[in-house]
Amino acid sequence: MIDPDLGRILKRVRRVVVLTGAGVSAESGIPTFRDASSGLWKRFDPESLATPEAFQRDPARVWEWYAHRRAMAAEASPNPAHRALAEWERRLDGCPVVTQNVDGLHQRAGSRDVIELHGSLLRSRCLDPRHPVEEGADAVGVDLPPRCQTCGGPLRPDVVWFGEALPAGAYEAALAAVAEADFLLSVGTSSLVQPAASLPLEALERGVPVVEINIEPTPLTPVADWSLRGTAGEILPRLAAAASS
Ligand code: OAD
């Protein structure tokens with residue numbers, strides 16, 4: 001059941017900005033980072049897999065982990081949460097999805113306006129930023145690390161590692177999307193990682209209604225206008241349906 005006040009607002013919204021995190025892909029079988037039992041950062045050490053220093057020390061080991069995650073993303077399918085957002089985009093004046101996810105599932109569900117804050121597992125790039133990014137190169141069954149076609153140097157996954165800046169322009173694009181939106185949804189993120197976690201706060205400062213969807217409370221919960229408890233795959237299709245009824 002959707003709160004009647006929220007239902008009224010949903011019917012009027014024209015531009016929704018959606019911040020997504022790992023919880024949106026959980027129902028596609030992709031593990032989150034901080035889940036108490038299956039979270040990636042509970043089972044793997046980020047210092048030895050997701051830092052520039054780790055890559056310098058042992059690029060093959062880092063690549064084995066990313067090749068495994070890339071294969072998992074390729075085998076996964078978008079779930080009802082991804083599909084509801086793509087469908088919503090077709091009915092609104094705009095529905096930019098600002099995602100912390102690197103699995104490409106929003107795009108595969110059909111969302112066209114996706115801002116990737118943390119890069120993409122599906123791309124690789126040379127350490128030399130002048131060399132072209134390589135799309136979809138297969139990292140399984142090749143000698144690791146894969147090599148740049150321009151200079152033969154090691155390719156790295158085109159993702160953001162700890163201690164690194166976001167891709168150029170990504171956060172500015174996300175802020176611009178928030179500035180144009182009349183509604184913000186924060187879905188399946190622990191709201192712990194900056195600067196992504198600041199985007200809902202920017203919206204609140206502008207008086208834009210903020211709704212959180214999560215299976216657990218987060219630091220955003222006490223300040224959000226509504227915090228809906230449940231899975232993204234259950235709740236997002238209901239919200240999108242309420243907006244169009
Ligand atoms: P987290 O793993 O920190 O949080 C996932 C959130 O999703 C948690 O709050 C869960 O309660 C919630 N959740 C799990 N299953 C859900 C479901 N089916 N429906 C709704 N919510 C669900 O993932 P992120 O917040 O995305 O960065 O993490 C942010 C960043 O931290 C990641 O992009 C990654 C990580 O370090 C980099 O690797 C740069």
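**Notes on a predicted model: sheet, ligand site and loops**

1. Strand β2 (residues 97-99) pairs with β3 in the parallel sense over 3 bridges, where strands are DSSP runs of E with at least two residues and helices are runs of H or I with at least four, numbered from the N terminus. Two strands are taken to pair if DSSP finds at least two bridges between them. Within this pairing, V97 has V114 of β3 as its bridge partner.

2. Residues are numbered from 1 along each chain as its sequence is written, and side-chain values use heavy atoms, with hydrogens and water left out. The model is predicted, so that local features need a pLDDT of at least 70 and side-chain atom pairs count only at pLDDT 80 or more, while totals for chains, interfaces and linings use all residues.

3. The pairing of β2 with β3 belongs to an open, parallel sheet of 6 strands, which follow one another in the order β3-β2-β1-β7-β8-β9. At the edges are β3 (114-116) and β9 (226-229), each of which pairs on one side only. On average, neighbouring strands of this sheet are turned by 15 degrees against each other, direction ignored; such angles run from 0 to 180 degrees between the N-to-C directions of axes, which are lines fitted to C-alpha atoms and, for helices, over the stretch in contact.

4. Helix α9 (residues 170-180) lies across β1 (16-20), β2, β3 and β7 (183-187), and its direction makes an angle of about 140 degrees with β3.

5. The ligand has 23 residues around it, of which F33, R34, T189, S190 and N214 come nearest; a residue is near a molecule if one of its heavy atoms lies within 4 Å of it. A polar side-chain atom of S190 lies 2.6 Å from an oxygen atom of the ligand, and an N or O atom in the side chain of N214 is 2.7 Å from a ligand oxygen atom. From the backbone, an N or O atom of G188 lies 3.1 Å from an oxygen atom of the ligand. On its own the ligand has 800 Å² of accessible area, and the protein covers 91% of that area.

6. Within the loop between β8 (210-214) and β9 we find L220, a residue that is buried with a relative accessible area of 3%. Although L220 and S186 are 34 residues apart in sequence, their C-alpha atoms are 8.9 Å apart in space. Leaving aside neighbours within four places in sequence, L220 is in contact (heavy atoms within 4.5 Å) with S186, S191, P200, L201, V210 and E212.

7. One of these partners, S191, is in the loop between β7 and α10 (199-205). S191 is not a glycine, yet has a positive phi of about 55 degrees. It is buried, at 12% relative accessible area.

8. W161, in the loop between β6 (155-159) and α9, counts as buried at 3% relative accessibility. Its contacts beyond four places in sequence include L49, P52, F55 and Y66. With the side chain of Y66, the W161 side chain makes a polar contact at 2.9 Å, that is, a pair of N or O atoms within 3.5 Å, where within protein one must be able to donate a hydrogen and the other to accept it, and residues adjacent in sequence count only if both atoms are side-chain atoms.

9. Two cis peptide bonds may be checked by eye: L144 to P145, with omega about 0 degrees, and Q194 to P195, with omega near 5 degrees. P145 is in the loop between β5 (134-135) and β6, whereas P195 is in the loop between β7 and α10.

Definitions and conventions
Accessible areas come from the Shrake-Rupley method with a 1.4 Å probe; for residues, only the protein chains shown count as cover. Buried means under 20% relative accessible area, exposed over 50%, partly exposed in between (1.4 Å probe, protein chains only).
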